[in-house]
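User: I would like to learn how to read a few features of a protein model. Could we start with salt bridges?

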Amino acid sequence: MAKTQRLFRSIKPYLVWGMPLILAFFVVAGGASAPGLSVHLLLQVVGLIILLASLWTGGSFGIPGAARPFLTLAGAWICLVGLQLVPLPGGMRQFLPGGHDIARGFSILGEKTPALPISLTPGQTLAGLFMVIPPLAIFLLSLRMSWRGLTDKLPLAICGLGILTIALGILQLAEGPQSSAYFYSITNSGSPVGVFSNINHQGMFLLMTLPFVGAVLGRARSTWNSGDRDVGPLFLLGTLGVVIVVGVVLVGSLASYALLLPTLLLTLTLIIGRRRFAGLRWRITVPAVFLLGFIGTLLGAQPLLDAFGLSTGLGEADSGLSRATIWANSTHLLGDYWLVGTGLGAFPEVFPIYDRTTEITEVYANHVHNDYLEWLIEFGVMGGALLVIFFLFAARETVRVWRLQGGHEVRIKRAASIAFWLPFLHSFVDYPLRTPAIACFAAVCLAIMIMPANREVRVRKEMKSGTKPERMSRQVEI
């Protein structure tokens with residue numbers, strides 16, 4: 001085991017481009033919540049290889065103590081899904097939600113109720129369990145790496161991925177709805193979805209890249225010397241940020257419009273610092289109000305979006321399956337299955353029973369478009385409790401990150417915290433974290449928040465040895 005650990009330490013310096021490449025793979029290959037079978041298997045195989053490589057080092061080597069609650073919660077969730085797959089005696093199953101109807105069906109057939117699991121769709125539940133492999137694998141791998149190995153090239157790589165998916169989206173717009181540049185057959189044809197299957201997830205991914213643009217810009221600004229060599233990088237990074245903002249607007253996702261302003265304001269704190277941001281709050285207020293008005297116009301003026309060939313992605317209102325209708329019907333579903341849930345991935349099969357839409361169309365609801373409501377439907381009260389505990393630990397880490405003082409390391413951590421929470425806010429009206437690309441991105445962001453930076457490690461060693469950390473008194477808050 002010692003040899004294994006030494007081997008891992010020896011290859012850490014060469015992983016500086018490893019994490020950007022791995023994240024790029026999951027982003028490009030995992031842009032849909034339900035990819036084809038071949039893509040699904042590829043994601044699981046690659047994720048499993050990374051997971052086994054991360055566990056190969058043995059013990060808790062390289063894993064910060066702050067990560068253990070999250071790994072424990074992941075283990076508890078896996079156990080919960082496993083319990084949903086355990087066959088229960090027919091007499092016991094009929095007393096659980098949905099069991100009475102199942103027993104009545106077998107009774108009509110003149111048969112005794114066999115042993116059945118809690119999950120109403122065991123196959124879908126098992127497939128959903130495997131989908132956690134990629135984000136869990138990339139999370140563990142991130143924790144095994146050094147701070148430099150994890151973050152040295154990653155922010156620039158994330159910015160590059162944002163530009164890449166925007167460029168692909170422009171190509172899709174140029175070629176029209178039948179463009180060969182679309183990755184998936186079920187997609188928002190005619191819209192710039194990039195490597196994703198729908199506009200909402202494309203917009204969310206671009207928003208998550210913005211804080212890292214701000215972090216890199218903030219570092220460039222902190223080393224500004226007013227020389228010609230400094231002008232070029234600052235101009236390039238500023239242009240990069242503007243292009244990503246324009247990309248968010250062009251996508252046409254309502255949720256992305258709603259989150260654009262707070263994301264920009266938080267990103268600005270990374271560029272100029274919180275103290276200077278507070279001093280400029282009145283100068284920022286007026287542009288922010290105008291931007292808010294522009295976003296409000298986009299949110300409320302569907303004809304304006306249609307004029308540009310865009311869409312808010314609210315759902316197919318004409319088909320009777322708008323988000324409001326799905327939510328209303330899903331609450332009745334939750335009322336019946338709140339105790340133990342329907343099982344992971346069961347919603348598309350169970351929802352038609354509760355769908356009160358009278359019109360028959362080709363449109364169907366594959367998700368609730370409110371991931372918290374769908375989570376409760378699938379996992380019941382135990383799943384809800386796990387989710388609350390997860391948010392408490394994540395909020396604690398976020399507060400800790402924003403209380404840190406330091407330079408670029410802290411800036412990167414704050415950028416990661418902003419990007420981490422964006423898909424969770426988006427989850428109130430969609431399901432971004434069921435897309436492997438965004439789930440893996442969020443997992444890396446959580447690892448960055450948890451990972452001790454070099455400066456943190458030095459200070460902690462000095463404090464443990466009883467020496468006063470002199471550097472802390474000279475650090476300037478960013």
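Analyst: A salt bridge is a side-chain nitrogen of Lys or Arg within 4 Å of a carboxyl oxygen of Asp or Glu. Keep in mind that this is a predicted model. One case is arginine 400 with glutamate 397, where the closest N and O atoms are 2.9 Å apart.

User: Where do arginine 400 and glutamate 397 lie?

Analyst: Both are in helix α19. They are three residues apart, which is about one turn of the helix.

User: Is glutamate 397 buried or exposed?

Analyst: Buried means under 20% relative accessible area, and exposed means over 50%. Glutamate 397 has 3% relative accessibility, so this residue counts as buried.

User: How many salt bridges does a search of the whole structure find?

Analyst: The search finds seven. Another of these joins arginine 434 to aspartate 371, with the closest N and O atoms 2.5 Å apart. Arginine 434 sits in the loop between α20 (408-426) and α21 (436-450), while aspartate 371 belongs to helix α19 (residues 371-403), so this pair ties together parts that are 63 residues apart in sequence.

User: Are arginine 434 and aspartate 371 buried or exposed?

Analyst: Both residues are buried. For arginine 434 the relative accessibility is 19%, so the residue falls under the 20% cut-off.

User: What is the distance between the closest N and O atoms of arginine 434 and glutamate 374?

Analyst: In that salt bridge the closest N and O atoms are 3.9 Å apart. Glutamate 374 lies in helix α19 and arginine 434 in the loop between α20 and α21, so here the parts tied together are 60 residues apart in sequence. Glutamate 374 is buried because its relative accessible area is 1%.

User: Next, how are two packed helices described?

Analyst: The description uses the angle between their axes and the distance between the axes. Take helix α2 (residues 18-29) and helix α10 (residues 154-175): their axes come within 9 Å and cross at roughly 25°. Angles under 35 degrees count as roughly parallel, and α2 and α10 are therefore roughly parallel to each other. Their crossing is right-handed.

User: Which residues make the contact between α2 and α10?

Analyst: On the α2 side they are Met19, Pro20, Leu23, Ala24 and Val27. On the α10 side they are Leu154, Ala157, Ile158 and Leu161. Sorted by class, the contact has nine nonpolar residues, no polar ones and no charged ones.

User: What does the secondary structure of the protein chain come to?

Analyst: The chain has 23 helices and two strands. Burial can also be given for the chain as a whole: of its 478 residues, 51% are buried.

User: How much of the contact in the protein chain joins residues at least 24 apart?

Analyst: Begin with contacts between residues at least 6 apart in sequence; 76% of these join residues at least 24 apart.

Methods:
Residues numbered from 1 in each chain as written. Predicted model: local features only at pLDDT ≥ 70, side-chain atom pairs only at ≥ 80, totals over all residues. Heavy atoms only, no water. Axes fitted to C-alpha atoms, helices over the stretch in contact; angles between N-to-C directions. Helix = DSSP H or I, 4+ residues; strand = E, 2+ residues; numbered from the N terminus. Parallel < 35°, antiparallel > 145°, perpendicular 65-115°, else oblique. Left-handed = near helix turned anticlockwise from the far one by under 90°. Contact = heavy atoms within 4.5 Å. Nonpolar A, V, L, I, M, F, W, Y, C, P; charged D, E, K, R; others polar. Buried < 20%, exposed > 50% of the residue type's maximum accessible area, 1.4 Å probe, protein only.
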